[in-house]
Amino acid sequence: DFLVSLVCLYAFFTLKNTKTNSPTVKLFTYYFLTMALATLYGGLIGHAFLHLFSFSWKVPGWLISMISVALIERAAISHAQPLLRPSIGKFFATLNIIELLTLTTVVLLTLNFFFVEAHAAYGLLVVVFSFELYVYKKTKAEGSRLLLIAVLISAIAATVHLTQLTIDPWFNHLDFSHVLMAIAAYVFYLVVRKINEI
């Protein structure tokens, strides 16, 4: 968790003073901030010191991570918007908010991490991947190609986590998946650098 947080904080502080009018870059910048906060909180409260807190203390970290996923979805929608009819972009931007509010309500009612994972899977594999694949097919932009790679790395991280693939007792599925998440976060950062060059 701390490794992911460090990569995301590096990306945030590197990008936050970037002179740009791009809403995509700004959305990605706040994605990095919220993901850094979610993983820092998760590492401290959700894992390291959970024995001092009740289970429900995990929930704020979950909610911040859901906001983070919603931001990266919105960044992908924003990135594709110049290639879409305005009504389609507006529809998906509205759907993004409805999806976040609905799944937040479900998580608060059930206190089940599965719905946080489902939201992340849908956000990255369906929304982000689909929009960036569309952009890549239309433009062949290097940033879109890198973003597709970052999503695939995230999918591998999720697969490692879900299948509990363990290399060693001292480097279990949680360690392995979080290292992959940190790599994916760094590739997302490289994506934003490429987008900002355009």
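**Ground rules.** Residues are numbered from 1 along each chain as its sequence is written, and side-chain values use heavy atoms, with hydrogens and water left out. As the model is predicted, local features need pLDDT of at least 70 and side-chain atom pairs pLDDT 80 or more, while totals for chains, interfaces and linings use all residues.

**Helix α4.** I looked up α4, residues 86–110 (helices are DSSP runs of H or I, at least four residues, numbered from the N terminus). Its 25 residues should span 36 Å at 1.5 Å a residue, and its end C-alpha atoms are 36 Å apart, so the two agree (the expected span is 1.5 Å times one less than the number of residues). I found G89, A93 and N96 among its buried residues (buried means under 20% relative accessible area, with a 1.4 Å probe and protein chains only). The buried residues of α4 pack against α3 (59–80) and α5 (113–139). After α4 comes L111, with a positive phi near 50°.

**Helix α6.** I then checked α6, where buried residues include G143, S144 and L146. Q164 follows α6 and has a positive phi, near 55°.

**The lining of the largest pocket.** Which helix gives the most to this lining? I found that α5 does, with ten residues. By class, I noted 29 nonpolar, twelve polar and four charged residues in the lining (Ala, Val, Leu, Ile, Met, Phe, Trp, Tyr, Cys and Pro count as nonpolar, Asp, Glu, Lys and Arg as charged, and the others, Gly among them, as polar; a pocket is an open set of points on a 1 Å grid over the protein atoms alone, with protein on both sides within 12 Å along at least five of seven lines, and lining residues have an atom within 4 Å of a point).

Terms used
Helices (H or I, at least four residues) and strands (E, at least two) are DSSP runs, numbered from the N terminus. Buried means under 20% relative accessible area, exposed over 50%, partly exposed in between (1.4 Å probe, protein chains only). Contact means heavy atoms within 4.5 Å.
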